Amino acid sequence: MATLVGAVTTSHVPAIGRAIAKNLQADPYWKPFFDGWPPVHRWLEQVKPDVAVVFYNDHGLNFFLDKMPTFAVGAAPEYRNADEGWGIPQVPAFRGEQDLSWHLIESLVGAEFDVTSCQEMVVDHAFTLPMALMYPSQDWPVKVVPVCINTVQFPLPSAKRCYALGEAVGQAVRAWRSDARVVVLGTGGLSHQLDGERAGFINKDFDLAFMESLLHDPRWATQFDSRQLVEKAGTQGIELLMWLAARATLGEKVRSVHRNYHLPISNTASGLMVMAPAD
Ligand code: DHB
Ligand code: FE
């Protein structure tokens with residue numbers, strides 16, 4: 001059976017793509033953010049994943065307001081990104097792990113999650129930037145399975161439902177007949193609001209409480225409904241649902257491997273955590 005080695009949760013601000021393209025990692029603005037990553041690289045060298053299951057939210061590149069699945073799972077042989085209008089350079093294509101894709105789709109539908117299966121899918125900055133931060137050489141040593149959660153158009157799935165989705169994905173990964181080593185990513189957040197009256201809103205106290213909860217009380221955020229989460233974390237801060245799903249794959253007890261928190265990056269409080277199943 002496959003081994004779930006752990007989860008990496010991180011923000012996915014588009015400006016990171018520009019900073020990578022312009023080699024600004026040592027620039028005073030960017031250094032506290034990029035300094036968070038070498039411990040993740042060392043951990044990846046130790047645990048050597050073969051596959052990454054990536055919880056992320058599409059921002060209008062693959063799905064638009066006309067068709068918006070609540071949960072979608074990629075089952076494509078490869079995934080490319082495309083111009084989103086940010087001017088971020090395109091990255092090499094990602095190889096899909098189709099056997100795991102179909103196993104996840106069958107397991108999730110069997111567990112009564114009505115997922116949309118996508119045999120063609122383009123992936124946006126929420127997928128490509130965390131991958132580029134994990135693997136700066138962009139040679140992608142892992143095959144991938146994208147799992148997309150709608151945080152763009154209301155109604156959004158609840159935190160409780162996203163946690164349950166993560167639990168089901170974790171069980172399915174562990175039941176996958178493969179000797180692969182699987183890492184889970186959750187990308188988005190933390191607190192930010194890009195538009196409206198509260199544009200620029202950041203809530204450090206909430207972010208730190210949320211990060212702490214993932215280690216010791218992982219269902220804490222499921223007490224809040226979507227509107228309460230928007231109030232606490234900002235309209236786009238609700239992307240923390242990806243963190244919750246990723247955390248839930250690991251089961252009840254986890255070990256903290258690494259964390260970093262720095263604000264602001266663009267309009268966002270950037271967070272980073274690596275968690276592994278408790279031994
Ligand atoms: C920003 C953050 C996001 O999560 C996103 O998808 C787009 C922009 C930002 O802070 O600039
Ligand atoms: Fe986003």
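**Exercise 1.** How far is an oxygen atom of ligand 1 from an N or O atom in the side chain of His192?

*Solution.* This is a predicted model, in which local features need pLDDT of at least 70 and side-chain atom pairs count only at pLDDT 80 or more, while totals for chains, interfaces and linings use all residues. Residues are numbered from 1 along each chain as its sequence is written, ligands are numbered from 1 in the order in which they are written, and side-chain values use heavy atoms, with hydrogens and water left out. The distance at His192 is 2.8 Å, and the side chain of His125 likewise places an N or O atom 2.8 Å from an oxygen atom of the ligand. At Asn267 a backbone N or O atom lies 3.1 Å from an oxygen atom of ligand 1. Taken alone, ligand 1 exposes 300 Å², of which the protein buries 95% (Shrake-Rupley method, 1.4 Å probe).

**Exercise 2.** Determine whether Thr128 is buried or exposed, and list what it touches.

*Solution.* Thr128 is found in helix 5, residues 125-134 (a DSSP run of H or I, at least four residues). Leaving aside neighbours within four places in sequence, Thr128 is in contact (heavy atoms within 4.5 Å) with Asn81, Val91, Phe94 and Val123.

**Exercise 3.** Which way do strand 9 and strand 10 run, and how many bridges join them?

*Solution.* Strand 9, residues 254-265, and strand 10 (strands being DSSP runs of E, at least two residues) run antiparallel and are joined by nine bridges. Within this pairing, Val254 stands opposite Pro277.

Terms used
Pairing = 2+ DSSP bridges. Polar contact = N/O pair within 3.5 Å; in protein donor to acceptor, adjacent residues only side chain to side chain.
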